[in-house]
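Let's walk through a structure together, one feature at a time. Have a look at it first.

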Amino acid sequence: SSDLVPSNDNLVSKNFTLADFTQGGRRRLQPHMGKTEADILCNIVKIAENICEPIRAAGIRFNITSCWRRPGDAPGSKATSDHNFGRAIDINVLGMSAYEGAQKIYPIVGKIAKQFLLEYASGPGWLHIAFDEGNKHNLPLATFRNSAVYARNTFIDLKPRVRAG
């Protein structure tokens with residue numbers, strides 16, 4: 001019912017609103033693979049509190065370019081993607097390269113992240129950080145290039161000197 005639909009300006013943590021995780025509020029939460037809107041919102045709250053807040057507290061500026069998305073929102077994305085459950089964020093770290101961002105952020109949240117990827121395609125690159133309390137992905141750390149594994153268990157600077165923001 002509509003009284004259960006959270007507002008995009010609702011805080012999900014101290015410094016982040018639901019809109020920050022839903023493309024500015026354009027992507028409305030919807031059930032997916034047995035998870036309710038409330039389950040997905042709970043996952044968003046957890047990623048905000050456990051991943052986003054510690055990064056922000058460290059003084060690192062970043063933009064969330066993707067979090068919650070529905071199957072089909074990202075071509076080639078699997079239905080089981082952590083994004084479809086509100087358990088992953090893609091971020092651009094402002095004022096530094098994606099590689100530099102990975103180097104700074106991994107020590108802050110990498111140990112608790114389910115998965116931490118440095119990804120490159122077009123643009124400066126981005127970080128994909130998934131959080132699912134206590135769970136690890138079978139590929140917890142890697143560098144990706146054009147949606148494929150480029151290097152496992154390490155970050156490689158594929159776009160030196162290219163900065164976001």
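Q: Let me start with Met-33: is it buried or exposed?
A: The general idea is relative accessible area: buried means under 20%, exposed over 50%, and partly exposed in between (1.4 Å probe, protein chains only). Met-33 counts as exposed because its relative accessibility is 51%. Before we go on, this is a predicted model, where local features need pLDDT of at least 70 and side-chain atom pairs count only at pLDDT 80 or more, while totals for chains, interfaces and linings use all residues. Residues are numbered from 1 along each chain as its sequence is written, and side-chain values use heavy atoms, with hydrogens and water left out.

Q: What is the phi of Met-33?
A: Most residues other than glycine have a negative phi. Met-33 is not a glycine, yet its phi is positive, about 45°. You'll find Met-33 in the segment before α1; helices (H or I, at least four residues) and strands (E, at least two) are DSSP runs, numbered from the N terminus. Asn-153 is not a glycine either, and has a positive phi of about 60°. Asn-153 sits in the segment after β6 (148–152) and counts as exposed, because its relative accessibility is 53%.

Q: How do I check the span of helix α1?
A: Take 1.5 Å times one less than the number of residues, and you have the expected span of a helix. Helix α1 (residues 37–57) has 21 residues, so it should span 30 Å, and its end C-alpha atoms are 28 Å apart, which agrees.

Q: Where is the kink in α1 centred?
A: The bend at a residue is the angle between axes fitted to the seven residues ending there and the seven starting there. In α1 there is a kink of about 35°, centred on Ala-48. Just after α1, Gly-59 takes a positive phi of about 85°.

Q: Which elements do the buried residues of α1 pack against?
A: Contact means heavy atoms within 4.5 Å. The buried residues of α1, including Ile-44, Ile-47 and Ile-51, pack against β1 (62–66), β2 (88–93), α2 (98–109) and β4 (126–130). Leu-41, also found in α1, is partly exposed, because its relative accessible area is 22%.

Q: What does Glu-53 touch?
A: Glu-53 lies in α1 and counts as buried, because its relative accessibility is 13%. Not counting residues up to four places away in sequence, Glu-53 touches Ser-13, Lys-14, Asn-15, Phe-16 and Ala-48. Glu-53 and Asn-15 are 38 residues apart in sequence, with 7.2 Å between their C-alpha atoms.

Q: Where does Lys-114 lie?
A: Look in the loop between α2 and β3 for Lys-114. Lys-114 counts as buried, because its relative accessibility is 13%. The C-alpha atoms of Lys-114 and Pro-140 are separated by 6.2 Å, though these residues are 26 apart along the chain.

Q: How much space lies in the largest pocket?
A: On a 1 Å grid over the protein atoms alone, a pocket is an open set of points where a 1.4 Å probe fits, with protein on both sides within 12 Å along at least five of seven lines; lining residues have an atom within 4 Å of a point. The largest pocket holds about 670 Å³ of space. Its lining has 22 residues, and the closest to its centre are Arg-69, Ser-77, Ser-81, Glu-119 and Phe-144. β3 (115–120) and β4 are the elements that give two or more residues to this lining.

Methods: Grid points are joined across faces, edges and corners, and a volume is the space filled by probe spheres set on the points.
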